[in-house]
Amino acid sequence: MNPRAELRVLFNRREIEAAVRRLASEISQDYRNKNPVLLGILRGSFVFLADLIRHLDFPLEVDFIELSSYGSSTQTSGKIKVVKKLETPVRDHDVLIVEDIVDTGLTTAFLIKYLKRQKPASVRLCALTDKPSRREVPVKIDYIGFTVPNKFLVGYGLDANQKFRNLPDICYFEGEA
Ligand code: IMP
């Protein structure tokens, strides 16, 4: 990372709050009577998921799964492995995946396939941010917070080398290649 790159705000906390409320209202319409399992992908989704569920006033369950891609941190091989399994049996349940960002799509495409093998009643995807310019595999995103440009984002759960997750705004580095 360029040490002289400056942190700029892409979406501030008020814009994020409005997006989370809008998503919660869309999700409420579809899931109110379904007792869904909201499945956060660790670690980036935890801030978003924590805010989202506080706008959902119907019964639901929360679980987490941790995935990682094989290979070095800079070169993704496209092969994903499960680092931490979900604990909740999802057979015949409606599952809503909650993700911070869909970038290449490899992680969510893998997870949707992985979950479908467990025979849930349905699987849908909610992503706070969508970076379509980077997509390598097609992924259907059912609920999208923001469509974002091809910049590396940090804050509101998103990290760069495990740092910056605690920023309340979604930011990027100006001057970064
Ligand atoms: P994928 O490329 O769609 O498989 O995204 C995999 C993961 O890469 C996401 O869940 C994020 O954790 C991470 N990621 C992708 N783009 C960014 C970004 O701009 N900032 C921080 N993390 C990112």
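Colleague: Which backbone oxygen does the side chain of Ser45 reach?
Modeller: In this predicted model, Ser45 sits in the loop between strand 2 and helix 2 (46-53). The side chain of Ser45 makes its approach at 2.8 Å, and the backbone oxygen belongs to Ile41.

Colleague: Is Ser45 buried or exposed?
Modeller: Beyond its neighbours within four places in sequence, Ser45 is in contact with Gly40, Val98, Glu99 and Asp100. Buried requires under 20% relative accessible area. Ser45 has 0%, so Ser45 is buried.

Colleague: Which strands do the buried residues of helix 3 pack against?
Modeller: Helix 3 covers residues 106-116, and its buried residues are Leu106, Thr108, Leu111, Ile112, Tyr114 and Leu115. These buried residues pack against strand 2 (37-42), strand 3 (61-69), strand 4 (80-84), strand 5 (94-102) and strand 6 (122-130).

Colleague: How much of the accessible area of the ligand does the protein cover?
Modeller: Oxygen atoms of the ligand lie 2.8 Å from a backbone N or O atom of Gly105, 2.5 Å from a polar side-chain atom of Thr107 and 3.0 Å from a polar side-chain atom of Lys131. On its own the ligand has 490 Å² of accessible area, and the protein covers 81%.

Colleague: Which element gives the most to the shell around the ligand?
Modeller: The ligand is surrounded by 15 residues; by class the shell has 6 nonpolar, 3 polar and 6 charged residues. Two or more residues come from each of helix 3 and strand 5. The element that gives the most, with 4 residues, is strand 5.

Note on methods: Residues are numbered from 1 along each chain as its sequence is written. This is a predicted model: local features need pLDDT of at least 70, side-chain atom pairs count only at pLDDT 80 or more; totals for chains, interfaces and linings use all residues. Side-chain values use heavy atoms; hydrogens and water are left out. Buried means under 20% relative accessible area, exposed over 50%, partly exposed in between (1.4 Å probe, protein chains only). Contact means heavy atoms within 4.5 Å. A polar contact is a pair of N or O atoms within 3.5 Å; within protein, one must be able to donate a hydrogen and the other to accept it, and residues adjacent in sequence count only if both atoms are side-chain atoms. A residue is near a molecule or strand if one of its heavy atoms lies within 4 Å of it. Accessible areas come from the Shrake-Rupley method with a 1.4 Å probe; for residues, only the protein chains shown count as cover. Ala, Val, Leu, Ile, Met, Phe, Trp, Tyr, Cys and Pro count as nonpolar, Asp, Glu, Lys and Arg as charged, and the others, Gly among them, as polar.
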